Amino acid sequence: MRKTVWVGALLVLAAALSYAGYRYMSDGKADLVIIGTELEGMYMAKRAHDLGLDVAVLETDADVGGQLLRGEMIYLDETFDDKGNSLLQGSIKHLFQEYYAGNIRKLKDFQAYFNGLVRGIPIVKQVSLTAAEQVDGAVRSLTYKNAKGRTRTLEADYFVDNTDNGALISLLGVQRKPGLEALYQNPQKEYMSATYMMKFKNVDWQTFYGQFWKMNKAERMTMYGPETYVDANIAYGFPPIVARYEPKNPDKVNLRGLNILNQKDGEIIINALQVYDVDPSDPETVQRAIAYAREEMPRIRDHLKKHITGFQNIELNGDPDYLYIREYDHYPTEYTLEASDLLSGEMFWDNVSIGGYFIDIQGSRSNREGFAIGRPDKYGMPLRSYLLKEADNVILTGKLVGATPVAYGSARIQPNGSLAAESIGVLLARLEDTGIGLKQVTPDIMSAFQQQMRETYGVELQPGKGNNKIEGMSPEDITELNAGHITLLGNKNQARTLPFIRVYYNNTEVKFTAHKPVIVDGKTWTPVEELMSAFGAQRIRIDLDRSEIQYTRADDPDRVRTILAPIHILNNRVLVNLREISDLFGYKTYWDNLNRVITIYSVEPATQQPAS
C-alpha cells in the first residue's frame, strides 16, 4: 500500500514538473496571434479582442507602431471615389476625423491614439521568431525568444503577419512572387522606394497658404504645378520646385512631389524624400538609407527656404528613427488583385474592404520618377487576397495584401488595408466555435457577415460596382495594362509607358525628373519644363484654360513668346507633344525604334528616320 502511495505521489510530482516546464516554454494558446504592430493589424486586434477572442501580439522590434509611429508617416492619405465621396469606413474613419480637426497632428497625438487602440491587448516586444510548427497544412504553434532570451511557444487558431518585412511568412519558407523587377525586366529583386519623413519647424503656414491663393490660376500652375493644392491643413504637389533640387546622392535618394502636413505651432512634416534599395528584412539597408537621407536634409531645407513663400525661416526639427516602407515581397494568396480588377470597379462576393486611390507606382532603382497607371473609382478587396495560399490559417495584412506589383500601387493604401483587417477581425469572431475556417466560408456566410457589418458598424462592403474605366479595351490592351505598360489618362486616352523612351537634344540626354515620356495615339508626349528648358526656354508659364505656353529665351529675355499647343496632365505634370514643340522651335526629330530613343537636332545631321 505504501509503495502505491509513493508511486502515485511521484506521478503527480512529475506531472506538475512537466506542466511547469511547459508553462516556462509556452505562453499557452490564443485564438489569434498577430506578428507586428503596423496600424492595419491593430484594427483587427482591437475588433477581435472586443468581440471576446483571446488576442496576443508579438513585435519583433523594440518599439511599436511600425510606419505610423517609428517611421512617423503621419501624413494620412484619404481614399475617394470618382464623385469625390470619401471611401473611409470603419474605425480608421475616426482617426481621419480627429486628424482633420487638428486634434491628432503630432507624433505624441498619434502615440496616444495608438495606445488607446491596443489597450488591454498583450504586446510582447523585441521577440525573435525561431520556429513554426505546421500540421496538416496549418500553423499549429509559433516559437520565439523574448527580450531576455527565453524561449516561448504560442499555439493559436490563426496567425497574422502584420509586419513590413514578412517576418512570419519568411519563417514559413514561402517563396515570393516576382516584384517590380519583373516590370522593369531586371535580374535583381526591386521594391518601391522607402521614404524618410522630413520634419521642419519655424514655418509660416498662414503666409504660405495666403500667398498660394492670391496668385491667379496660371501663376499658381506655373510656379507650383497644375494639380498642386494648399489649404489650412495640408499641401501637396510642387513638381517645378522639386525638379530644381539636385540631390547630393542622386543614385540613392530622390525628392518627389511634396506631401506636407501642417502640425501647427510652425511645425510641418513632409512625405517626399525617397530612398532606394531598402530591404526591410535587412536592417543594414535600412540604416544605410537613413544615413543617406539625413545627409540630404540640410540641403533640402535650404532649397525650400529659397523657393517657397513662408518657408524662409525653416529649420530641421529632429529625425525619425525608421522609414516609411511602401513595399516588400509579394506572396501567393487565394486571390491576387490585378490592375484590371481595380480599374473596372470589380466587386467580389467575399469583399472585406472597399478600396480606392490612384494606382501609383512609386520610384525605384530602375525608374526614379515612378508613374501612375490610372485612377480607379471604387473597387472591392476580397477576403481571399488576405489569405496565404500555402497555409490554411495564416492571414496577411497591410503591405502584404495579395496584389500584383501594379495593382499594389493602390491596394497598399492604409485605409484600404485597415478596413480589411478590421472586417476580418469581426469575421473571425463570428466563425468562433463553428468549425468553419476562413477558407471555407461560403457566399451565404459572407452575405450574412456583410449584413452584420452594415447593421452593427455602418460599414458597407457591397456598395455596387464601381465605374468601369477599361470598358471597351481589347483583351490584349488589358493584358498590357496589368503588366504596367499602359497608363490611363484623365481624358480616357491611353498612354504607353514601358519600355521607357529616352530623349536626346544635340546629343545630350534630356533628364526628366517627374515622369518619363509616354506614347499617346502613336505620338510622344513629354513634360514641358524639361523639354523646353533643354531648348533654351526660360520663365516658362502655362495657361491650361487656353492651352497656352509662354516663355522667354536667354538671348532675348525681354521678349515673351507664346505657343498654342494641346496638353495632357499626368502626375501633376503638363505634357506636350514632343514633335509639335520641336517643330515650333525649328528642330528636327528622329526615332530609333530598336532602342526607343528620340534624338532632336537644332542643326540637321545626316539622314535618319523622323520621329512621330
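1. Strands β27 and β28 form a hairpin with two residues between them. The turn includes Asn571, whose phi is positive at about 55°. The two strands, residues 567-570 and 573-577, are antiparallel and share four bridges, and His568 has Leu575 of β28 as its bridge partner. Helices (H or I, at least four residues) and strands (E, at least two) are DSSP runs numbered from the N terminus, and two strands count as paired if DSSP finds at least two bridges between them.

2. On provenance, this is a predicted model, in which local features need pLDDT of at least 70 and side-chain atom pairs count only at pLDDT 80 or more, while totals for chains, interfaces and linings use all residues. Residues are numbered from 1 along each chain as its sequence is written, and side-chain values use heavy atoms, with hydrogens and water left out.

3. An open sheet of six antiparallel strands runs in the order β8-β9-β10-β11-β7-β12. β8 and β12 (315-316) stand at its edges with a single partner strand each, so one side of each has no neighbour in the sheet. Within this sheet, β9 and β10 are joined by four bridges in the antiparallel sense, and Gly237 stands opposite Leu258 of β10.

4. Helix α8 (residues 205-214) has Trp205, Phe208 and Phe212 buried, where buried means under 20% relative accessible area and exposed over 50%, with partly exposed in between (1.4 Å probe, protein chains only). These three residues lie on the same side of α8, because they cover an arc of only 65° around the axis; the arc is that of the directions from the helix axis to the C-beta atoms. An α-helix has 3.6 residues a turn, so residues three or four places apart point the same way. The face of α8 turned away from the buried side carries the exposed residues Gln206 and Lys214. The packing partners of the buried residues are α9 (217-224), β8 (229-230), β9 (234-237), β10 (253-264) and β11 (267-275), with contact meaning heavy atoms within 4.5 Å.

5. A second open sheet has four strands in the order β21-β20-β30-β29, with mixed pairing. Its edge strands, β21 (508-509) and β29 (588-592), each pair on one side only. β20 (residues 502-505) and β30 (residues 597-601) pair in the parallel sense over four bridges, and Arg502 stands opposite Val597 of β30. In the loop between β29 and β30 lies Arg596, a residue other than glycine with a positive phi near 55°.

6. The peptide bond from Leu498 to Pro499 is cis, with omega near -10°, and Pro499 lies in the loop between β19 (494-496) and β20. Glu72, although not a glycine, has a positive phi of about 55°. Glu72 is placed in the loop between α3 (66-69) and α4 (92-100) and is buried, with a relative accessible area of 6%.

7. Where does Phe535 lie? Its place is in the loop between α17 (528-534) and β24 (537-543). Phe535 is buried, with a relative accessible area of 3%. Not counting residues up to four places away in sequence, Phe535 touches Tyr505, Arg553, Ile581, Ser582, Phe585, Tyr587 and Ile600.

8. The structure holds three cavities of 30 Å³ or more. On a 1 Å grid over the protein atoms alone, a cavity is a set of points where a 1.4 Å probe fits but cannot get out, and a pocket is an open set with protein on both sides within 12 Å along at least five of seven lines; lining residues have an atom within 4 Å of a point. The largest cavity has about 150 Å³ of space, a volume being the space filled by probe spheres set on the points, which are joined across faces, edges and corners. Its lining has 13 residues, with Gln67, Tyr324, Arg412, Ile413 and Gln414 nearest its centre.

9. The second largest pocket has a volume of about 690 Å³. Of its 28 lining residues, Arg368, Glu369, Lys511, Phe512 and Lys516 are the closest to its centre. The elements that give two or more residues to this lining are α10 (239-243), β10 and β20.
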